[in-house]
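Please look through the chain shown below before reading on. The points that follow are meant to be read with the structure open beside them.

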Amino acid sequence: MLSRTRSRMLAAALGIAAVVPALGGSASAAAAPAVTLVGATGSGCPRTSVTASGDENGAIVVRYQQLAVAGTRQTQCTTLLRVGVPEGWTYAVPGTVWGGHAVLSADTTARLTTRTYYAGGAGPPAVRTGVTGLVGPFRWEPQFAPDTLTFHPCDAKRDLAVAVGLEILGAAESRISVATLELSPHDLLWKRCPTR
């Protein structure tokens, strides 16, 4: 079974976003700027259905209670996060980590789509993955192509928007849900802003 780091590296090397069975464990990291939940909007995240908790390392886990689809339906949610950016620094988001559960028949495909951008701006193209015949918990760790990454504007304060969409094409009894989004400052790409 691949470790989280190895599965990310493999997905990045192949230029794909892999959906793999859920893996245990987490990486330890030193203290870092915190990520906090600002809000969420979309058909898959009605008001008060999204909560978040952080840890001492600045990471955040966003939990979704209603981000799910069944049958031939689709839904989406855009989550706004505030990343504590140290003075003189900027960051880009190389990938995201989603956790969920699926019950998909062999002839049913679930389509997962995600993208990130800074409020009021653009970002990398969306990453889309199709999954068939998956039953049980999963982790989806899409990586954005390195040459498409966008860094937070050095002269502005903009929240990070992380969008996800779910769609099922096939049997009415199939279903898929996203339960969590994980984001740690240690998973971001950091660089110093240009000096004037």
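**Notes on the sheet and the core**

1. Leaving aside residues up to four places away in sequence, L81 touches V35, T36, L37, V38, I60, V62, D159, L160, V162, L181 and L183, where contact means heavy atoms within 4.5 Å. L81 is also among the residues that touch the most other members of the largest nonpolar core, a set of 37 residues, together with Y64, W98, L160 and I176. Such a core is a set of buried Ala, Val, Leu, Ile, Met, Phe, Trp, Tyr and Cys residues joined through side-chain atoms within 4.5 Å, and strand 12 gives the most to this one, with five residues.

2. Please keep in mind that this is a predicted model, in which local features need pLDDT of at least 70 and side-chain atom pairs count only at pLDDT 80 or more, while totals for chains, interfaces and linings use all residues. Residues are numbered from 1 along each chain as its sequence is written, and side-chain values use heavy atoms, with hydrogens and water left out.

3. Five strands form an open sheet in the order 2-6-12-9-10, with antiparallel pairing, where two strands pair if DSSP finds at least two bridges between them. The edge strands, each pairing on one side only, are strand 2 (35-41) and strand 10 (127-132).

4. How many bridges join strand 2 and strand 6? Strand 6 (residues 74-83) pairs with strand 2 in the antiparallel sense over six bridges, and T41 stands opposite T78 in strand 6. Strand 6 also pairs with strand 12, again in the antiparallel sense, over eight bridges, with T79 opposite V162 in strand 12.

5. Strand 12 pairs in the antiparallel sense with strand 9 (residues 109-118) over 10 bridges, and A161 in strand 12 is the bridge partner of Y117. Why is strand 12 described as largely enclosed by the rest of the structure? Eight of the 10 residues of strand 12 (residues 160-169) are buried, so the description follows from that count; buried means under 20% relative accessible area, calculated with a 1.4 Å probe and protein chains only.

6. For the chain as a whole, buried residues make up 42% of the 196 residues. Among contacts between residues at least 6 apart in sequence, 79% join residues at least 24 apart.

Note on methods. Helices (H or I, at least four residues) and strands (E, at least two) are DSSP runs, numbered from the N terminus. Buried means under 20% relative accessible area, exposed over 50%, partly exposed in between (1.4 Å probe, protein chains only).
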